[in-house]
Amino acid sequence: MAEEKPQGTIPPLKQPSAAKTSWPELVGVTADEAEKKIKEEMPEAEIEVLPADSDVSFDYIFQRVRIFVDESNKVIETPTIG
């Protein structure tokens, strides 16, 4: 018999495994280099590489890391989870 869940409960949020929440040392490197480094430290990361002026949602997702890049595909601001 299937286990019943109480109505109105919210499942717990999945916390990241990484102790780090940002990577300031990646500013100035290429998006590929940044993605590789972040994946080494946080394998479950869902990485989004975006142009600097991109509109983004304000929702917070523990596994998401946004990498903002310039025209030459270099990281221009600190990648952070969220």
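**Sheet, helix and salt bridges in a predicted model**

Colleague: What order do the strands of the open sheet have?

Modeller: The open sheet has 3 strands in the order β1-β2-β3, with mixed pairing; strands are DSSP runs of E with at least two residues, helices are runs of H or I with at least four, and both are numbered from the N terminus. Two strands count as paired if DSSP finds at least two bridges between them. This is a predicted model, in which local features need pLDDT of at least 70 and side-chain atom pairs count only at pLDDT 80 or more, while totals for chains, interfaces and linings use all residues. Residues are numbered from 1 along each chain as its sequence is written, and side-chain values use heavy atoms, with hydrogens and water left out.

Colleague: Which strands stand at the edges?

Modeller: Those are β1 (46-51) and β3 (80-81), each of which has a single partner strand, so one side of each is left without a neighbour in the sheet.

Colleague: And how many bridges join β2 to β3?

Modeller: Strand β2 (residues 64-69) is joined to β3 by 2 bridges, and the two run antiparallel; valine 65 has isoleucine 81 in β3 as its bridge partner.

Colleague: Changing topic, where does helix α1 lie?

Modeller: Helix α1 (residues 31-41) lies across β1 and β2, and runs at about 160 degrees to β2; axes here are lines fitted to C-alpha atoms, for helices over the stretch in contact, and angles run from 0 to 180 degrees between N-to-C directions.

Colleague: Which residues of α1 are buried?

Modeller: Ala31, Ala34 and Ile38 are buried in α1, where buried means under 20% relative accessible area, exposed means over 50%, and partly exposed is in between (1.4 Å probe, protein chains only). Seen down the helix axis, the buried residues of α1 fall within an arc of 60 degrees, so they line one face of the helix; the arc is that of the directions from the helix axis to the C-beta atoms. The buried residues of α1 pack against β1 and β2, contact being heavy atoms within 4.5 Å.

Colleague: What does the face turned away from the buried side carry?

Modeller: That face of α1 carries the exposed residues Asp32, Lys36 and Glu40.

Colleague: What does valine 27 touch?

Modeller: Not counting residues up to four places away in sequence, valine 27 touches Val75, Ile76, Glu77 and Thr78. Valine 27 lies in the segment before α1, and the C-alpha atoms of valine 27 and isoleucine 76 are separated by 5.5 Å although the two are 49 residues apart along the chain.

Colleague: How many salt bridges does a search of the whole structure find?

Modeller: The search finds 5 salt bridges, each being a side-chain nitrogen of Lys or Arg within 4 Å of a carboxyl oxygen of Asp or Glu. One of them joins glutamate 41 to lysine 20, with the closest N and O atoms 3.5 Å apart. Glutamate 41 lies in helix α1 and lysine 20 in the segment before α1, so the pair ties together parts that are 21 residues apart in sequence. Glutamate 41 also forms a salt bridge with lysine 37, at 3.2 Å between the closest N and O atoms.

Colleague: Which residues are linked in the network of salt bridges?

Modeller: Lys20, Glu25, Lys37 and Glu41 are linked in that network.

Colleague: And arginine 64, is that buried or exposed?

Modeller: Arginine 64 counts as buried, at 4% relative accessibility, and its side chain meets that of aspartate 59 in a salt bridge (3.4 Å, N to O), whereas aspartate 59 is partly exposed, with a relative accessible area of 38%.
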